[in-house]
Amino acid sequence: MPIRTVMKANEAAAWAAKLAKPKVIAAFPITPSTLVPEKISEFVANGELDAEFIKVESEHSAISACVGASAAGVRTFTATASQGLALMHEVLFIAAGMRLPIVVAVGNRSLSAPINIWNDWQDSISERDTGWLQFYAENNQEALDLILIAFKVAENEKVLLPAMVGFDAFILTHTVEPVEIPDQEVVDEFLGEYEPKHAYLDPERPITQGTLAFPAHYMEARYTVWEANENAKKVIDEVFEEFEKKFGRKYRKVEEYRTEDAEIVFVTMGSLAGTVKEYVDHLREQGIKAGAAKLTVYRPFPIEEVRELAKKAKVIALLEKNVTFSVGGALFQDFSRALINEKEKPIILDFILGLGGRDVTFQNLDEVLEISRKALNGEKVDEVNWIGLRKEIL
Amino acid sequence: MAESPFKENIERVAKEYSEKMTPGAIATIPGSSVINKTGSWRVFVPEFNRDKCTRCFLCYIYCPEPAIYLDEENYPVFDYDYCKGCGICANECPVDAIVMVRETK
């Protein structure tokens, strides 16, 4: 029987790792994800998880140890956030290029300066071009589920890419919520023992990994990473379906909420999606045709699903906790790319809000609604808007 | 000069390695490093005096490349395609049968 309990997202991530039975975990503590390796080290010390827990001197070492372990042919896991993920940056490319299915739990936190430990998505968004798959959890249950899903997708023969699962700092990492811990047997059935497809050490099969590639080969090697990302789109759908059959919880790359006959659709990721759904209910009560959508999968970017979503809306309001300077937000670029050549497309508006852990309130969302309605009525509005910005102190 | 015993392997590797991209750009065929003739990096080159040689094999054992083979009479033969001119052989030789000299004068 699955255990129903209450726990923080950090604990949920540690439990997901325990259920996935990785053989090597290498991690360095960083706020807000410290509790993940802490809890895992407890599991290992108590003999509940048969794995090697490597204490390293930095996040660069943590991910490097994971690359080494994964290249040797075992399932590996680590957790990090913010500056820690930024410190991993260099090695993230290597992990993707070497096609190692490492899974990293990211407690989404802002980046310095100024130092801020609270939630936004700038850390993992900044790593969107590394080739890693990216999942974003709305609540603690999703944090657990998506890590299991991430392992399954990452290890698929057609994908073989590392994956990161983001869950919002403090809003999820340190908030206790009801979580269902699935049975170990069912997880074993779902995930199975890790069988390395290409990267493993065997004296009978001498290979060189992480090779030098001259101009004659580099482009082809990078293309295989592109191709694997494309393949992942289909594989993710299949894994979501299998997950639903086994565990009863349904996931979609783009989860829509009350989008039927909606004029304005609010699109977001992570825990903010919960707030936005509430807000949409609130608007529907007033007879305002609003809907919401959540990206569960950010990389590979679900272009087809976004196009389907765009057909239902007149205005798409993107709510983003990240900044791409002089452009707006990362989602704004991605949505623009998905829709630019479509014959009929909605107005896309970008709203940057909730940076560095600032609460996103209904008042903020009212502001978003007001601007969106103006655009809907044909008035000219800014494409990029900073919501909740305290202009009086500037 | 003796022909490299890896010649056949080199040709096979050169052919197969350039044909197919593997996942993660793994080099799956051992010996691909022999395609690259590393002897071009050299400044010094070992000069061998056959009369002094006692056939102790120390040069053969210590060559890190390994660019030294043994001929039918167990005398060392230097493969200048791969010798980087590191001078370890000359340093190890107990009877000074090998001396390092500048390759270009």
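Predicted model: local features only at pLDDT ≥ 70, side-chain atom pairs only at ≥ 80, totals over all residues.
Local features require pLDDT of at least 70 and side-chain atom pairs pLDDT 80 or more, whereas totals for chains, interfaces and linings use all residues. Residues are numbered from 1 along each chain as its sequence is written, chains are lettered from A, and side-chain values use heavy atoms, with hydrogens and water left out.

Over all chains, the structure contains 32 salt bridges (a side-chain nitrogen of Lys or Arg within 4 Å of a carboxyl oxygen of Asp or Glu). One of them pairs Lys277(A) with Glu255(A) at an N to O distance of 3.0 Å. This pair links distant parts of the chain, 22 residues apart: Lys277(A) lies in helix H9 (residues 272-285) and Glu255(A) in strand E9 (residues 254-257). Helices (H or I, at least four residues) and strands (E, at least two) are DSSP runs numbered from the N terminus. Lys277(A) is buried, at 16% relative accessible area, and Glu255(A) is partly exposed, at 22% (buried, under 20%; exposed, over 50%; partly exposed, in between; 1.4 Å probe, protein chains only).

A salt bridge also joins Asp261(A) and Arg284(A), with the closest N and O atoms 3.2 Å apart. Asp261(A) belongs to the loop between E9 and strand E10 (264-268), and Arg284(A) to helix H9, 23 residues apart. Asp261(A) is partly exposed at 48%, while Arg284(A) is buried at 17%.

Lys314(A) and Glu263(A) form a salt bridge of 3.4 Å, N to O. The two residues are 51 residues apart, Lys314(A) being in the loop between helix H10 (303-311) and strand E13 (315-320), and Glu263(A) in the loop between E9 and E10. Salt bridges with shared partners join Glu138(A), Glu142(A), Glu255(A), Lys277(A) and Lys294(A) into one network.
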